[in-house]
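Subject: Structure for you to look at

Hello,

Here is the structure I said I would pass on. Please look through it first, then read the notes below.

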Amino acid sequence: MSQPSYGEVIGNGLWKQNTGLVQLLGMCPLLAISTSVVNAVSLGLATALVMAASNGAISLIRNLVPKEIRIAVFILIIAALVTAIQLALNAFVHPLYLVLGIFIPLITTNCIVLARTEAFASKNRFTISVVDGFMMGLGLTLVLAVLGGLRELVGKGTLLSGIDLVFGATSKTWVLHVLPDYKGFLLAVLPPGAFFGLGLLIAGKNWYEQRAARTKPAIPISLAPHA
Amino acid sequence: MAFVSNTPGVGSIMLKVLFALMPAIAVYQLYFGPAILVSLMLASLTAMLAETLMLRLRRVPVMPFLMDGSALVTAWLLALSMPPLAPWWLIVMATLFAIVIAKHLYGGLGNNLFNPAMVGYAVMLISFPAQMTQWPVVDTLAHIHLSFFDTLRFIFGGTLPGSLKLDALTMATPLDTLRTQLLLGRPVADIATMPIFGYVGGQGSELIALAYLAGGAYLLQQRSITWHIPAAFLGALALLAFGLHAFDAARYAAPWFHLATGGAMLGAFFIATDPVTGATTPKGKIIFGAGVGTLVYVIRTWGGYPDGVAFAVLILNMCVPLIDAYTQPRVFGHGKEKP
């Protein structure tokens, strides 16, 4: 089996096979936590870290694990790494840890983590597996950030609210009140807003790609049989 | 109006629906002031603009679809279900949500899963609960009569003349009053003596309900709708109300109260009967209507909102594919078959 190139892996993770917009894996945290940019990016980065670490770890042991029990072994490794991330968040950004709550341990059950270890790390070398895990996580983080930004802006009229949970009380002034005196469109922050927002993002990506495909000069047209 | 023809198309059905709503609008205007006319205008304008824009975006012919009147029906139903004294952007946003998202993003007329007007209403009710309860005081009880221009100024600018407070112009709906007073432990018979109640329902609003009933009768007579959904809706609502009223008259309002208040009549004849989002088989229509009626009663009596027509219709909209699949009429000559 030929090894994919780094460019391919990065392109897949960020755009072509984006977890949030194309693979539609790991929807539960994506929809639940994307109520603000800060929440979304924090959980996204935590997931990306877990994915990079678990892909790396599993790639290293890929030839030692018997095929029949590999899933159980993978999950155990992922769970251990998630616990490490959870403890780290608890220690260094405790307020954020309280906000994200159950969704940090739930990264273990996020199917995208297991999907990448099974589909990629168990078949590829160490470095490229780490890159794949991190890029897939980063792709998810980007979607989460856009969705979180959309929902926060429409729902509350602010951006970066809650930033003080990450950088301390001094950063409270960073919060952007984009729409002053805004009543707040509550639905955007509620669960339906997540579904509408994600649906619009997916539609936007598909629309962009269809348009790009239309405007691109079709090279193999000379090969097509003419009637 | 060039689109009225002898063959009953979407256009002529929708035109009849609009016509059937007129008596109710007249009574509404008489009892609750001119604000309803403003919100009807606002909703209609927004709906036509949004419809044109979405039809263009979808690259389908604009005029035939715009002229079928379905957007206008959605707009009018929304205006009639929402509080007319609310700020202008509330009805505009509700209409935009109904037409752009609930109707066109789901594939346009004929493909939309959920009743657009009710989606718009539910979204606003969840997002702006305070503005969605600004119901005007019925004319017979009002101390202040807002002139048409003061109404306009309030809806568009949010300012009231002089030292007038918004509280003086709004009141709780009969269903809302019943709910809060029941929570305080007062018996139904006692609550019904309060001035906002009329003969069977709320003062003024019971006459609007009567006008909806008349409009519904006209639609039935014109065969724009069939009897199944309204009868099953109102029947289920009345039956449940009758049973519980007979069981404990102090805690459960009478069936005629439930039929005459809130969105029961509007819902039964104009909303649940939407040919796109409702069930289509005769048996299915009865199940659909009865489901909506039951849920309306359940939400009103034990739910978190004073009225439940919008939520009941939306929930039953979700069940329509299933209902239709299980109620396919048997083709003549074929044996009984499981779907």
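Helices (H or I, at least four residues) and strands (E, at least two) are DSSP runs, numbered from the N terminus. Tyr218(B) lies in one of these, helix H10 of chain B, which covers residues 205–221.

This is a predicted model, in which local features need pLDDT of at least 70 and side-chain atom pairs count only at pLDDT 80 or more, while totals for chains, interfaces and linings use all residues. Residues are numbered from 1 along each chain as its sequence is written, chains are lettered from A and ligands numbered from 1 in the order in which they are written, and side-chain values use heavy atoms, with hydrogens and water left out.

Tyr218(B) counts as partly exposed because its relative accessibility is 24%; buried means under 20% relative accessible area, exposed over 50%, and partly exposed in between (1.4 Å probe, protein chains only). Apart from neighbours within four places in sequence, Tyr218(B) is in contact (heavy atoms within 4.5 Å) with Lys16(B), Phe19(B) and Ala20(B). Leu21(B) is 197 residues from Tyr218(B) in sequence, yet their C-alpha atoms are 10.0 Å apart.

As for the two chains, 12 residues of chain B are in contact with eight residues of chain A. There are zero salt bridges between chain B and chain A, a salt bridge being a side-chain nitrogen of Lys or Arg within 4 Å of a carboxyl oxygen of Asp or Glu. On the side of chain B that touches chain A, helix H5 (88–104) and helix H6 (116–127) each give two or more residues.

Regards
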